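Got your viewer open and a selection tool at hand? Let's take a short walk through this model together.

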Amino acid sequence: MSVPRRRRALLIGNEIHHNDRWARLPSARVDRDELRAVLSEPTIGGFDVEVLADLDALRMRAAITNFCQESVDDELLLLYVSGHGAVRPDGEFAFVATDTDPHDLTGTGISATFVNNCLEDSYAAQKVALFDTCQSGAFTSGFRTRPTKGVSTTPLTRTAPVRPRGVYVLASSDVDEYSFSGPIDESGNPTASVFTDAVVKVLSSGSAGTTGGGFVSVDDLYDAVHQRLLGLEPPQTPLKSSDHVVGSIVIAARPSGRTSAESRVGEEASARSFAATAPESDDDAGVAPDWSRLLGYYADIVRADTTRPGLMAVGGDDYVDLTGSERVLRGVLDPDGTVPVPEGADALIESARSEHGPTLWAGWPTVVLHRSAPSGTQSGQPLCAPLLIRRVEVVDDGGAVRLRPISDVVPHPGLVSSCLEEDEAARLLWSYRPSWHFGESARMATDADQLLRDPFGLPSVEQLRPEHLAGRVDIATPGEGARNAAILFGLPTSSAAKGLLKDYVQIIARPTSIAGTALAALHPDTSTDDVPKAEVSLVTPLPGNDAQEAVIRCAMTRRLTVATGPPGTGKSQLVVDTVATATAAGQSVLVASTNNTAVDEVVERCHRIAPGFVVRTGNRAARQREQAIVAGLLRAQKSAPDVETRHRALRAADRSWSRARDELDTIARRENELLAAERACHTEEVRLRADPAPFSRAAPPSWVDRAASLAKARWFGDWRRRRFLRSFIGADTADHRFSPLGRFDDADKAAGDTSQICAALGRWGKADRDRTRLRELVGGVDDLAVQSALTEAETRRATWGRALTADVVARRARDGHRQIRELQQASASDRTDWGEFRRALPYLPAWASTSLAARRFPIGEGLFDLVVIDEASQCTIPSIVPLLYRAKRALVIGDPMQLSHITNVDPGTDATLRSRWKVPRAWLSEHRLSPVRHSAFAAAEQRSGPAILLDEHYRCHPDIAGVVNRLFYKGRLTVFTDPAAPGRVRLPGPALRWRDVAGHAVRGPSGRSWRNDAEATEIDAVLGELIRDLPDTATIGVVTPYRAQAELVTELAGQFGDRVQVGTAHKFQGGERDVMVLSLVAGRNEAPRRFDWIDQQPELWNVAITRARSRLVVVGDADLWRDRGGVGAELLDAASAAADAVPPVHHELDDDLADRLYEVLEQVGSSEVRLRATVDGHPVDGLLSDGRAVLVDDSGAAAQPGARLKRTLTRSRLSEAIRIPAWTLYGPRALELIERGKPPISEDRTHRRA
């Protein structure tokens, strides 16, 4: 149990609010005062407490930001908010400030995302948040809550959760519950809120805490408060969230269980613990580091972020046994903060002091395992690794060599990864904190014992006594487990890291050269768009959408462009078209990604357009591929490519496409104007309580202007208006008896009435003129012809784009034959080929490699015109620095909702390196440039502004994509997947299915990971059915969060051969299958907390679900996941009959249009009419029982009417729906369009009610 040296609390209580929607909360004043008293009490909380009251939104954001940014590494932060809470229209929770407008929660509330980001960006070792507001459980659970009392309720729907990481959150109530204020006491004074009152009483009474030692952990506090609130009516159920929080957090001491002597011992130990990794001062927090300091810091991060240590052979040469007393991990150091070099470590020390030598680590206790031996060791030889390790560096002390600890104590990454799931391991490594202080051997041993048992499931074979080491690793005792042995071992620098470090040396030596590169854009002092602007001629061999083309235009004109690419939105297609556009413009391009799969996908697509279009390079296998590609170009026929003709043909196709898009814009704009005219006429008809149309036909053409003029007349105005109105309606006709227009001369009518009537007639007449003119223009629009013209133009554009790209590749290969041949020869030799590469680059302008293979290319500023970095959310910032330096511009593509970057650098090492290079942590946090905390994507997005979202999804069946869109992307994606497209597998029945299996979860072989035999058996049956029903070309995948389950299913699925691929989400990243089977494994026989980690990894769920193209089969215990909630419950709901909800991307009609549509559909005479339905997963506005579907289009109301109309036409094609322009609902035209439409041809089309 960890007790940081510094403890700070910020208490915010908002009692008063400017808007009457938010009632006054006198309890908030009592809440903050009573909580301050108990937290600041030295014998209980010991916090430095700051209390703020009645803050407006601006001050509240500033207070939370400053509180979090001022934190240091060894610190516990506690943020408390008492007041009103609300849920925004998009489903996100928000805190209410004094000036919050209930109609603008997004702009005037304090969003959960903002608070979460502040807490995550804090460098504090431990962070706790207490929220006492209504519906505060929505902060992390991602539910859209019920409205206020008295308002009709709608069903609960879940939305994407905020997911605080490394923050322990206690919320006062569930997502659909109120948090109650305290009653007024007998004296008329307010009392504390129910939740805060319980917190205060639990802490002040010492009634919580079962962990011993007189401490109260946050878990203890939650359990005690939860118990106190049980049975309340109406219910108020506190919630907790602890994603990436490992181990207990001490929030207070128990007054009744801790003596003053114990307090003094704890304070003394706290003052002495881990002095070697004390946080650096941030006095220079406002000073931005220059490039030399920042890159020096990044280079040291690269050195520290070495290859993950693996298991070592017991008795091998990889380590040195330590004797006597363990000192490094316990923090028992000499006054200078060092320890002597142990005997027998001379060779290790000498190697560590060489250039790019290994890093040194001390570890204890040493765990012996009987696993597969690494290469170079004997089969069956026991392997070992220390459970806990701490990095040390070699220092010279007056000629004497000593070791100085420079990092935190962390679990051994290799041991963790061999025993736990990849993401469970990452979570432990990210959040582990030691619980002992200086010299506390017993507590250190207890902590190690607990860690061995859970989550490793390993015993201590020897009694753990770090002050009395065994002196060697015991292998005589059988069985796996920990030995009371400490070792010193070296971790070699990877070849990729060595290449990065060489690049850093050369870049740091020339800091002024950075200014002209894409790297300069990362620094806040540099503009992201200060490159010469030029006209962009798009070359798109693969037809793109508007968002993709916007990205390409930005990438060609801005120094830094960032795009968010959710699964199935055409990232690879975007990269191909970007490369084609750049190379056609005579520019060079480098495509890089973290994984080979993504790089190979782009290269394969490029080669289908033109062999040799992009040269693949990188590791040894990739270099062989490079040689093959270059050889293919040299062997190609030397025909004369006609680039000029292709270029002119493409320009002609572009003009045709532009005309087609202009036509869309014109149609959409006119339909919008016509809708406005129809509504204007309707508005005036309501005012007049009559339709002037019958009278206007006989009136002279000038009547409209005459009516408008008379409405303002003053001299004899009433008489003149009466005379005009008699003439307009025809006084001798009977029509006036049925209209207020005919009663204008009633004796009791004031003169003002005739003025209003004339004004209304004038407005109606002008609107009627407009609609008459516009009806002639758009009444004959043929949707099929419009869409065909656009499709034909897009096809021509892509065809000539492919032809031009192929000819450009051929011409450059011909023109640069000698330079390419020289590069091929130099690359095949052992000498460097950088000179030949530079000379050949104009003729081989497009290259692709992994991000760690930058050293393949010459180190030169702006070597490439453009670098495209894909999967940037998985890239560390230091790994892309050499790539950005080698390019003038950069396009960075990623998705924060997929797998994130991984670093092996612990916070202690990071703090030491920041201090060494004087890089302020607050500056890094503000600009998202921390290499430990932020991905390359986060850093780039911070500098470029909001990323351009690729918002059209084409991969997953709409029913599957709808779940992902709702959960992870807040409904911002438009799903255009065509389940009936050629080449797609079509299966009868729902695309999303659940197979209910109530199995038991058990540990896998050697106690690692989890598996569920019953689920594996069911999966075997599912695979058999799929193999029987699917065509031979169909692909199948089985994904599971647990390696042990993957291994079991792999064994069972061996009978199906290569058709079935099995693995965890990481294996499937970047891939897709026709059918995916998802095995959840969790069983009721184990404690729910065993599987909590998977609930807290939405990225894994997202990757697993979005691999499925046509069907997703989920195998798991339905009752268990229904109770657990989260994404598992969402999938269960989606697979059930209740999953017929229309996806959130459905464009809702306003009440007027919806009413008119219903009346029109009823006139068709169908036996059943359904509004807001789905057809093959695609939303439609109306559905008749004969299968005819209707889409009402008010595209012109959008910011880009042509783009909106294009999407509506696509939706109409996918759902075989009749497009009804909204204006037609104001007359008989809509009924004509529907009656003229025919029922769908497809007999097996699925129609599901919303």
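## Start at a pocket

A pocket here is an open set of points on a 1 Å grid over the protein atoms alone where a 1.4 Å probe fits, with protein on both sides within 12 Å along at least five of seven lines; lining residues have an atom within 4 Å of a point. Select G568, G570, Q573, Y954 and R955, which are the closest to its centre of the 49 lining residues.

This is a predicted model, in which local features need pLDDT of at least 70 and side-chain atom pairs pLDDT 80 or more, while totals for chains, interfaces and linings use all residues. Residues are numbered from 1 along each chain as its sequence is written, and side-chain values use heavy atoms, without hydrogens and water.

Next, colour α16 (571-584) and α24 (783-815), which are among the helices (DSSP runs of H or I, at least four residues) that each give the pocket lining at least two residues.

## On to the cores

Now select Y298, L519, W847, F864 and L884: they touch the most other members of the largest nonpolar core, a set of 106 residues. Such a core joins buried Ala, Val, Leu, Ile, Met, Phe, Trp, Tyr and Cys residues through side-chain atoms within 4.5 Å, buried being under 20% relative accessible area with a 1.4 Å probe, protein chains only. Helix α9 (residues 291-304) contributes nine residues, the most to this core.

Finish at another core, lying apart, with 44 residues including I960 and V1114.

How values were computed:
Buried means under 20% relative accessible area, exposed over 50%, partly exposed in between (1.4 Å probe, protein chains only).
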